[in-house]
Amino acid sequence: MLRRAIRGLVAVGMAACLIGIMPAVAFAHVKVTTDSAVQGGYAALTFRVPNERDDASTTKIEVQLPTDAPLASVSVKPHPGWSYEITKTKLATPIEAHGAQISEVVGQITWTATDAKSGIQPGEYEEFSVSAGPLPETDRLVFKTLQHYSDGEIVRWIQEPSSGGDEPERPAPVLRLVPKGDAASSPPTGTDRMSLAVDSTPAAEPGVGSSWAIGLSAASLVISLACAATMIVRTRRTR
């Protein structure tokens with residue numbers, strides 16, 4: 001009976017650890033957010049990049065801009081400690097913006113840490129911003145992203161959302177766009193409102209969330225082991 005009780009307490013402690021750690025991993029994705037994402041308008045896009053590793057820093061970020069729904073104008077906000085490079089792409093079919101035909105657009109933006117100290121350290125995140133527009137007439141924009149670590153690992157955030165609604169393991173940042181007429185008349189409802197809430201709500205800070213979850217899990221495990229030790233001592237005294 002004593003051994004069963006001890007095994008049960010240890011199992012509870014391990015379960016608490018898993019419950020605390022799993023949410024910390026779940027929200028540690030690269031995200032894109034904006035205050036306004038109306039079709040036909042301009043928006044300041046923010047790419048939030050967390051460091052998921054505890055033994056390496058993030059040194060480079062490659063963000064691919066969609067060419068199936070191209071952005072005619074893109075301006076990059078300088079980020080302290082990081083340099084950036086713009087790669088342009090020729091369009092098979094030119095687009096029109098402000099009365100001009102545009103056949104070449106920004107296809108990729110690469111941010112690179114200028115030194116080791118500027119990289120995104122374990123437990124931290126960074127935000128990289130661009131101004132883009134006019135936003136195309138589509139319901140969403142997908143920004144496939146590659147995250148480079150100091151040890152050579154490359155995490156590919158390139159999986160697009162599935163029709164079933166299940167989030168893939170490495171989801172690409174997705175920006176939901178609102179039709180111009182809908183935005184002017186009334187807030188979106190139903191599934192549209194849900195999509196906007198998910199994509200535009202700032203993600204929890206990895207450093208804070210991870211520390212809290214791990215601390216709670218460790219406390220649960222310590223309490224469980226302490227209870228097991230107490231039961232052992234009491235059992236020996238009664239013998």
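Modeller: Let's start with burial: a residue is buried under 20% relative accessible area, exposed over 50% and partly exposed in between (1.4 Å probe, protein chains only). The model is predicted, so local features need pLDDT of at least 70 and side-chain atom pairs pLDDT 80 or more, while totals for chains, interfaces and linings use all residues. Residues are numbered from 1 along each chain as its sequence is written, and side-chain values use heavy atoms, with hydrogens and water left out.

Colleague: Take Gln39, then: is Gln39 buried or exposed?

Modeller: Gln39 has a relative accessible area of 14%, so it counts as buried. Its place is the loop between β1 and β2; strands here are DSSP E runs of at least two residues, numbered from the N terminus.

Colleague: And what does Gln39 touch?

Modeller: Contact means heavy atoms within 4.5 Å. Setting aside residues up to four places away in sequence, Gln39 touches Leu135, Pro136, Glu137, Thr138 and Asp139, plus Leu177, Val178, Pro179 and Lys180. Look at Thr138 in particular: its backbone oxygen is 2.8 Å from a polar atom of the Gln39 side chain.

Colleague: Now the sheets. In what order do the strands of the 4-stranded sheet run?

Modeller: Two strands pair if DSSP finds at least two bridges between them. That open sheet reads β1-β2-β7-β4, with antiparallel pairing. At its edges are β1 (31–33) and β4 (73–76), each pairing on one side only. Between β1 and β2 (residues 43–50) there are 3 bridges, and Val32 sits opposite Phe47 in β2.

Colleague: What about the sheet of 5 strands; which strands are its edges?

Modeller: This second open sheet has the order β5-β6-β3-β9-β10, again with antiparallel pairing. Its edge strands are β5 and β10, which pair on one side only. Further in, β3 and β9 are joined by 5 bridges, with Lys60 opposite His148 in β9.

Colleague: I noticed Gln147. Where is Gln147 found?

Modeller: Gln147 is in strand β9 (residues 145–149). With a relative accessible area of 0%, Gln147 is buried. Its side chain makes polar contacts with the side chains of Thr58 (3.0 Å) and Trp157 (3.0 Å). A polar contact is a pair of N or O atoms within 3.5 Å; within protein, one must be able to donate a hydrogen and the other to accept it, and residues adjacent in sequence count only if both atoms are side-chain atoms.

Colleague: Which other residues does Gln147 contact?

Modeller: Beyond four places in sequence, its contacts include Val30, Val49, Asn51, Lys60, Ile61 and Val155. Asn51 is 96 residues from Gln147 along the chain, with their C-alpha atoms 9.1 Å apart.

Colleague: Which residues have the most contacts inside the largest nonpolar core?

Modeller: A nonpolar core is a set of buried Ala, Val, Leu, Ile, Met, Phe, Trp, Tyr and Cys residues joined through side-chain atoms within 4.5 Å. The largest one here has 32 residues, and Leu45, Trp111 and Phe143 have the most contacts inside it. Elements giving two or more residues to this core are β2, β3 (58–64), β4, β6 (100–113), β7 (125–133) and β10 (154–157). Among the residues that Trp111 touches are Phe47, Ile61, Val76, Phe128 and Ser83.
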